[in-house]
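Dear colleague,

I am handing over a structure for your attention.

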Amino acid sequence: MLFIDYSSAFNTIISTKLRTLGLNTSICNWILDFLMGSPQAPAYHLVLEGILILWIIRLLFSKTYKLQERSDLTEKEKEDLIEEWQPEPLVPPMSKDHPSLNYDIVTGPPSHKIIVNGKECINFASFNFLGFLDNERVKQKALTSLRRYGVGTCGPRGFYGTFDVHLELEDRLAKFMKTEEAIIYSYGFATIASAIPAYSKRGDIVFVDEAACFSIQKGLQASRSFIKYFKHNDMEDLERLLKEQEIEDQRNPRKARVTRRFIIVEGLYINTADVCPLPDLVKLKYKYKVRIFLEESMSFGVLGEHGRGVTEHFGVNIDDIDLISANMENAVASIGGFCCGRSFVIDHQRLSGQGYCFSASLPPMLAAAAIEALNIMEEDPVVILIWFRFFIFMYDLVNKYFQIDSYSAVKSVIGEVYAPALHLQLERSSGSRDTDVRMLRSIVDYCLERQIALTLARYLDKEERFLPPPSIRVVVTIEQTEEDIEKAASCIREAALAILK
Amino acid sequence: MARTTAPVPNGKLNIQLNGNNFKNANCKKNGYHNKAQKNSTAHSAGPPSSRQRFQRPESFENPPMYVAVMTYLGFGIVTLFGYFRDFLRAVGLEKCHIAREREEQKDFVPLYQDFENFYTRNLYMRVRDNWNRPICSLPGPVFDVMERVSPDYNWTFSLTGKTIDDVINMGSYNYLGFAENDGDFLKTVADRTQQYGLGVCSTRQEMGNLAIHEELEQLVASFLGVESSMIFGMGFATNSMNIPALVGKGCLILSDELNHTSLILGARLSGATIWVFKHNNMQSLERLLREAVCSGQPRTHRPWRKVLIMVEGIYSMEGSVVRLPDIVALKKKYKAYLYLDEAHSIGAVGPTGRGVTELFGLDPSDIDVMMGTFTKSFGAAGGYIAGKKELVDHLRSHSHSAVYASAMSPPVTEQILRAMKCIMGLDGTTVGQARVHQLAENTRYFRSRLQEMGFIIYGNDDSPVVPILLYMPGKVVAFSRAMLKRKIGVVVVGFPATPITEARARFCLSAAHTKAMLDQV
């Protein structure tokens with residue numbers, strides 16, 4: 001260790017000279033102390049400090065480089081580039097007779113008897129399963145609420161947008177579904193699309209059914225997780241994917257310990273009108289330690305003895321499902337959606353569900369209508385059983401009609417017996433989706449003229465991941481009578497015979 | 001909050017409210033027209049009236065240094081305290097109140113990481129009573145707040161059943177005072193409810209397109225002065241479902257720093273590249289535009305397909321108004337498209353309530369996509385997008401909402417129709433215009449009074465959103481509770497909705513507030 005004695009290096013500094021230069025006394029003393037003290041440090045220390053100081057000065061004064069800057073273009077060239085650049089038009093041009101451009105106009109309420117494009121028809125197209133759209137009790141409750149609260153809530157839930165009606169509705173939903181807590185959203189689409197990204201983040205793994213609806217797909221896209229699709233309702237395919245994931249996990253156990261895994265399924269699929277095999281899913285859940293999110297938009301109010309959905313239908317313990325999400329726009333005939341489950345799961349959405357925190361809350365009259373609809377559902381579960389019976393009748397009828405003329409059985413019925421919305425597809429496709437869609441549309445028009453209102457099932461062709469084949473959607477509601485259903489089935493058969501021959 | 005262990009407001013903090021924020025040197029006593037602009041000096045080359053209006057100052061004063069230091073210190077102390085309490089909970093000395101995972105699922109991968117919940121557990125829970133306050137009357141200028149008590153420091157609440165009546169409402173977005181329940185005014189809405197029911201049970205493209213929807217769309221288009229418009233059932237969803245229909249991969253989105261979550265979500269879902277420019281800073285925007293056009297896409301240098309600039313009319317946390325004339329000039333020079341989100345400004349600014357285009361005297365056809373919501377000024381729910389006919393036609397067939405989401409509820413549609421007709425004067429009265437004027441009056445009065453009192457207020461003088469900066473987390477909480485005691489309901493926001501040192505209280509003015517109410521506040 002080099003230790004050079006500098007203790008006498010600065011003996012000859014005359015402090016008075018410093019003072020005559022105009023420095024303050026205290027500063028002089030400080031400088032003197034510094035100079036006296038520093039030579040007592042070992043040499044390598046001083047050298048190191050010196051180098052560091054020089055390095056810092058260099059860094060401070062060196063130019064910073066931005067990798068993206070193209071500094072080789074002159075100003076003139078930049079101006080030219082700006083002049084020349086031609087962006088695409090904001091929207092691509094569209095032909096005037098694009099099929100989804102012209103909507104059917106409904107004048108008057110979309111209830112059992114609906115006036116479409118000027119003609120009065122029987123409504124087989126709106127998801128008004130339990131007929132609450134016309135219900136007098138529901139309307140009266142909404143009117144009372146209107147007189148008390150006005151229409152809008154003028155604020156998100158966090159800032160004085162929480163009304164007692166909202167709290168009551170959440171409470172009632174939780175009690176009805178026999179879960180601990182429920183949370184309400186103001187729009188059905190936003191419900192599952194906000195719930196998924198609240199739990200599943202980048203790096204997590206989600207197993208989804210191929211026939212999942214669009215809002216689930218958007219929720220998954222927003223969550224940025226790894227998505228693995230399994231074939232529709234195919235439990236073996238799902239098990240295969242889960243096993244693969246397990247092997248992956250064993251390779252990297254530390255990462256596996258923090259990667260969350262979810263299975264997302266729908267209770268009753270809107271695209272294929274069948275039910276998910278819930279008991280098998282629950283078994284897989286415990287075997288592979290994955291959480292289940294269930295989307296029950298179509299099955300809430302429809303399946304199960306009291307309308308509690310697929311869990312009641314199969315007799316599965318509702319606590320086994322981590323999150324149940326549903327919208328209130330189908331059976332309950334209001335607007336909005338809800339999620340229910342254990343408080344451990346649901347409470348998280350109150351701070352991190354985007355559609356909950358950053359959006360205005362549900363208008364109170366719609367919430368009051370939902371409460372009243374729930375009341376009626378609870379008081380009178382027979383309502384649901386009646387409607388079940390209707391549906392089975394419709395299904396049999398339609399099947400019967402299409403099997404009689406087996407040579408012209410060009411349409412097949414897709415869906416389970418107790419699904420409220422059936423799909424009618426072409427047995428043999430013509431090869432091009434456009435022609436198929438046009439044929440189905442002409443069947444719908446034919447029926448509209450004979451006073452049966454149907455609709456094509458609509459999809460965004462380019463955005464769907466697994467585009468379902470074109471189909472006509474037939475909805476059975478509780479307000480239709482048996483004659484109505486007969487009439488509808490025979491009308492569709494006529495149309496099929498006339499157009500598809 | 002940093003200084004107390006129990007959620008009881010500390011009396012000292014209230015008095016400090018005036019002391020810390022009083023700026024006697026720069027007290028603006030001589031009116032607001034003569035103030036100099038504090039930030040960017042870009043001027044527009046518009047007609048004289050718009051330039052004068054444009055020069056209405058927006059002030060974003062910086063706090064004194066010691067306030068900033070104290071704020072950081074406050075957060076630091078709370079964080080340390082949080083760690084300490086976590087330790088106590090882990091050891092078992094403190095009872096853990098949060099909900100727990102099921103017994104059967106204990107060996108599943110945990111649903112929440114510990115750190116995600118740190119903020120919630122330790123900071124938010126202590127002050128949770130300032131948000132989500134339930135009310136039980138309409139959200140008008142005064143309302144009734146339900147009383148809540150918490151036996152265990154805000155972990156659970158129970159309603160006492162009593163209400164605090166006649167609290168002045170400075171928190172709801174009720175700009176033109178249309179949140180009312182007067183029977184006469186709401187007659188048409190009641191009729192529609194009776195006739196149509198509540199829901200629609202179908203999407204727009206299937207069986208949900210009612211004739212009243214079309215009527216409303218035409219009215220909105222004529223209100224804004226554009227060719228056509230389309231309405232949607234939810235304001236948040238309007239952004240998140242339509243931006244992906246307009247831009248996609250290979251496009252560039254230039255978005256303001258302080259854009260709302262719905263805009264950011266829509267931009268992310270679209271798959272386009274997003275570049276952020278500094279809030280209302282035209283140099284930053286111009287620099288990014290030049291770079292975008294000259295350099296093209298990041299690695300391949302192919303030219304961008306489209307460039308979309310996304311801004312809001314009034315920013316809800318800052319109260320600042322977008323520099324629209326500048327942006328329109330830039331947009332024309334660089335051939336970009338402009339998406340204007342007028343959620344807070346439609347109906348609230350402009351001489352006849354038509355939003356920021358009217359405020360600056362611009363032609364609405366200069367803006368490519370005008371978007372807005374009906375929740376704030378019209379007292380209903382839902383959103384719209386308006387613009388040229390091709391744009392709206394494209395959205396009718398490609399918007400996610402038209403195909404998959406339910407249509408707007410009929411009574412809500414009727415409320416918007418009624419409110420809009422009132423503002424436009426189509427119902428034969430001048431009530432609408434009177435409300436717009438009243439709002440402008442209230443805004444000016446309130447802002448000038450607050451500035452006289454010496455608070456630091458952000459934002460443009462025309463905006464009805466008035467944030468008062470409070471900086472320190474403890475002050476924020478005490479302010480809110482003290483105001484509630486005085487029967488005034490305010491909204492306070494802190495981290496993470498605002499930058500960490502800029503916690504604030506935000507007042508939303510309404511045409512329905514009278515001068516007396518404002519004086520009381």
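A cavity is here a set of points on a 1 Å grid over the protein atoms alone where a 1.4 Å probe fits but cannot get out. By this rule, the model, which is a predicted one, holds 13 cavities of 30 Å³ or more.

The largest cavity has a volume of about 390 Å³. Its lining is made up of 28 residues, and the closest to its centre are A:Phe127, A:Ile270, A:Asn327, B:Thr203 and B:Tyr404. The elements that give two or more residues to this lining are α7 (188–199) and α8 (214–223) of chain A, together with α13 (400–404) of chain B. By residue type, the lining of the largest cavity divides into twelve nonpolar, nine polar and seven charged residues.

I turn next to a sheet in chain A. Seven strands form an open sheet there, in the order β5-β11-β10-β9-β8-β6-β7, and their pairing is mixed. The edges are taken by β5 (181–185) and β7 (226–230) of chain A; each has a single partner strand, so one side of each is left without a neighbour in the sheet. On average, neighbouring strands of this sheet are turned by 20° against each other, direction ignored. Within the sheet, β6 (residues 205–209) and β8 (residues 261–266) of chain A pair in the parallel sense over four bridges. A:Val208 has A:Ile264 in β8(A) as its bridge partner. Helix α11 (residues 278–288) of chain A lies across β8 and β9 (291–295) of chain A and runs at about 155° to β9(A).

Chain B contains an open sheet of three strands, ordered β13-β16-β15, with antiparallel pairing. Here β13 (465–471) and β15 (491–493) of chain B stand at the edges with a single partner strand each, so one side of each is left without a neighbour in the sheet. Neighbouring strands of this sheet are turned by 25° against each other on average, direction ignored. β15(B) pairs with β16 (residues 503–508) of chain B in the antiparallel sense over three bridges, and the bridge partner of B:Val491 in β16(B) is B:Arg506. Helix α16 (residues 473–485) of chain B packs on the sheet and touches β13, β15 and β16 of chain B; its direction makes about 30° with that of β16(B).

Finally, there is an annotation from a record. The unreviewed UniProt entry assigns "transmembrane region" to residues 65–84 of chain B. Over residues 65–84 of chain B, the chain in the model is 100% helix and 0% strand, with the end C-alpha atoms 29 Å apart.

With kind regards

Methods
Residues are numbered from 1 along each chain as its sequence is written. Chains are lettered from A and ligands numbered from 1 in the order in which they are written. This is a predicted model: local features need pLDDT of at least 70, side-chain atom pairs count only at pLDDT 80 or more; totals for chains, interfaces and linings use all residues. Side-chain values use heavy atoms; hydrogens and water are left out. Two strands pair if DSSP finds at least two bridges between them. Axes are lines fitted to C-alpha atoms, for helices over the stretch in contact, and angles run from 0 to 180 degrees between N-to-C directions. Contact means heavy atoms within 4.5 Å. UniProt positions are given in the numbering used here, feature names are shortened, and annotations may be inferred rather than shown by experiment. On a 1 Å grid over the protein atoms alone, a cavity is a set of points where a 1.4 Å probe fits but cannot get out, and a pocket is an open set with protein on both sides within 12 Å along at least five of seven lines; lining residues have an atom within 4 Å of a point. Grid points are joined across faces, edges and corners, and a volume is the space filled by probe spheres set on the points. Ala, Val, Leu, Ile, Met, Phe, Trp, Tyr, Cys and Pro count as nonpolar, Asp, Glu, Lys and Arg as charged, and the others, Gly among them, as polar.
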